[in-house]
Amino acid sequence: MSVNAPGQRLAGKVAAVSGSTRGIGRAIAERFVAEGARVVVNSRSAGSAEAVALEIGGETVGVAAEVSTAAGAQRLVDGALDAFGGLDVMVCNAGIAMPRDSLQISEDDWRRTLDVDLTGVFFCAQRAARVMMARGGGSIVTISSLQAFAPLAGRVAYAAAKGGVVAMTRSLAAEWAPRVRVNSVAPGYVATPMVMELVAQGRVDPNAVNRRTPFGRMAEPAEVASAVLFLASDEASYITGETIMVDGGWVSSAGV
């Protein structure tokens with residue numbers, strides 16, 4: 001199998017990235033475009049998706065879809081088909097974090113977290129795989145979290161969802177091999193707008209995070225995007241069902 005040179009590792013590929021107007025998702029979309037892909041940027045807001053697609057440039061379009069539902073996931077996939085005639089890479093990135101005391105978390109907050117962070121990931125993967133199977137193959141990358149392996153207090157719904165993503169990734173990889181590869185990236189704390197909002201709310205202590213992380217800092221979104229790019233590209237052609245930790249050594253140093 002031929003592997004494209006750096007700078008063109010996704011040349012000729014069509015990719016969709018859910019939840020990609022900011023943070024990790026946007027960094028992934030930007031990196032994919034730089035590597036030659038035609039990219040679908042996604043948000044619940046049509047205006048936001050279209051604006052970010054214009055800012056990123058290249059062959060990029062914006063698609064508005066609420067990807068926590070099967071119908072929304074289908075709209076995202078249809079957007080790729082309508083714009084570019086195919087789909088080779090799906091990154092199931094959309095997610096939310098709502099730290100809550102497990103004795104106080106409401107049913108609505110529990111269900112919303114699971115809907116976005118687990119159910120939506122499955123439907124995006126399912127809808128993408130249907131197209132990829134018909135076209136002969138593709139790559140799906142899910143976004144999990146260090147919380148799947150080293151969950152913290154006050155993160156019960158998020159940890160449950162992200163742990164589910166890891167297990168689901170392995171199951172789908174076994175079922176869809178060899179035509180569709182399914183892998184996951186599990187970031188630690190990343191300096192994204194979502195994390196900075198939690199810092200501003202006093203729910204995340206950045207100094208404590210830096211002390212706990214062997215690298216002594218949070219990751220940058222581009223560092224997560226690099227791992228996603230590897231799994232999406234033909235360089236990872238014999239890798240499926242795996243999870244790459246991008247956590248600065250957090251989990252390994254805990255002996256988990």
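The sulfur of C124 lies 5.2 Å from the closest cysteine sulfur, that of C92, too far for a bond. A disulfide is a pair of cysteine sulfur atoms within 2.5 Å. C124 counts as buried because its relative accessibility is 1%. C92 is also buried, at 1% relative accessibility. Buried means under 20% relative accessible area, exposed means over 50%, and partly exposed lies in between, with a 1.4 Å probe and protein chains only.

The model is predicted: local features need pLDDT of at least 70, side-chain atom pairs count only at pLDDT 80 or more, and totals for chains, interfaces and linings use all residues. Residues are numbered from 1 along each chain as its sequence is written, and side-chain values use heavy atoms, with hydrogens and water left out.

C124 leads on to a helix contact. C124 is among the residues of α4 that meet α3, together with F123, R127, A128 and V131. From α3 come A70, A73, Q74, L76, V77 and L81. Contact means heavy atoms within 4.5 Å. Helices (H or I, at least four residues) and strands (E, at least two) are DSSP runs, numbered from the N terminus. The residues of the contact of α3 with α4 divide into 9 nonpolar, 1 polar and 1 charged. Here Ala, Val, Leu, Ile, Met, Phe, Trp, Tyr, Cys and Pro count as nonpolar, Asp, Glu, Lys and Arg as charged, and the others, Gly among them, as polar.

Now the geometry. Two packed helices are described by the angle between their axes and the distance between the axes. Axes are lines fitted to C-alpha atoms, for helices over the stretch in contact, and angles run from 0 to 180 degrees between N-to-C directions. Helix α3 (residues 70-84) packs on α4 at an angle of about 40°, with the axes 8 Å apart. That angle makes α3 oblique to α4. Angles under 35 degrees count as roughly parallel, over 145 as roughly antiparallel, 65 to 115 as roughly perpendicular and the rest as oblique. α3 passes α4 in a right-handed crossing. A crossing is right-handed if the near helix is turned clockwise from the far one by less than a right angle, and left-handed if anticlockwise.

Helix α4 (residues 107-135) also packs on helix α5 (residues 156-176), at an angle of about 15° and with the axes 8 Å apart. α4 is therefore roughly parallel to α5. This crossing is right-handed. On the α4 side, the contact is made by W110, T113, L114, D117, L118, V121, F122, A125, Q126, A129 and M133. On the α5 side stand V156, A157, Y158, A160, A161, G164, V165, M168, L172 and W176. The residues of the contact of α4 with α5 divide into 17 nonpolar, 3 polar and 1 charged.

T169 lies in helix α5. T169 counts as buried because its relative accessibility is 1%. Leaving aside neighbours within four places in sequence, T169 is in contact with T142, V182, N183, S184, G241 and E242. T169 and S18 are 151 residues apart in sequence, and their C-alpha atoms are 16 Å apart in space. Beyond α5, in the loop between α5 and β6 (180-187), comes P178. A cis peptide bond joins A177 and P178, with omega about 0°.

G86 is in the loop between α3 and β4 (89-92). Its relative accessibility is 1%, so G86 counts as buried. G86 touches V14, A80, L81 and R135, not counting residues up to four places away in sequence. At 18% relative accessibility, T21 counts as buried. Leaving aside neighbours within four places in sequence, T21 is in contact with R26, V41, N42, S43, S48, A49 and V52.

L10 is found in the segment before β1. L10 is buried, with a relative accessible area of 0%. Not counting residues up to four places away in sequence, L10 touches F32, E35, G36, A37, L229, A232 and S233. The C-alpha atoms of L10 and A73, 63 residues apart along the chain, are separated by 22 Å.
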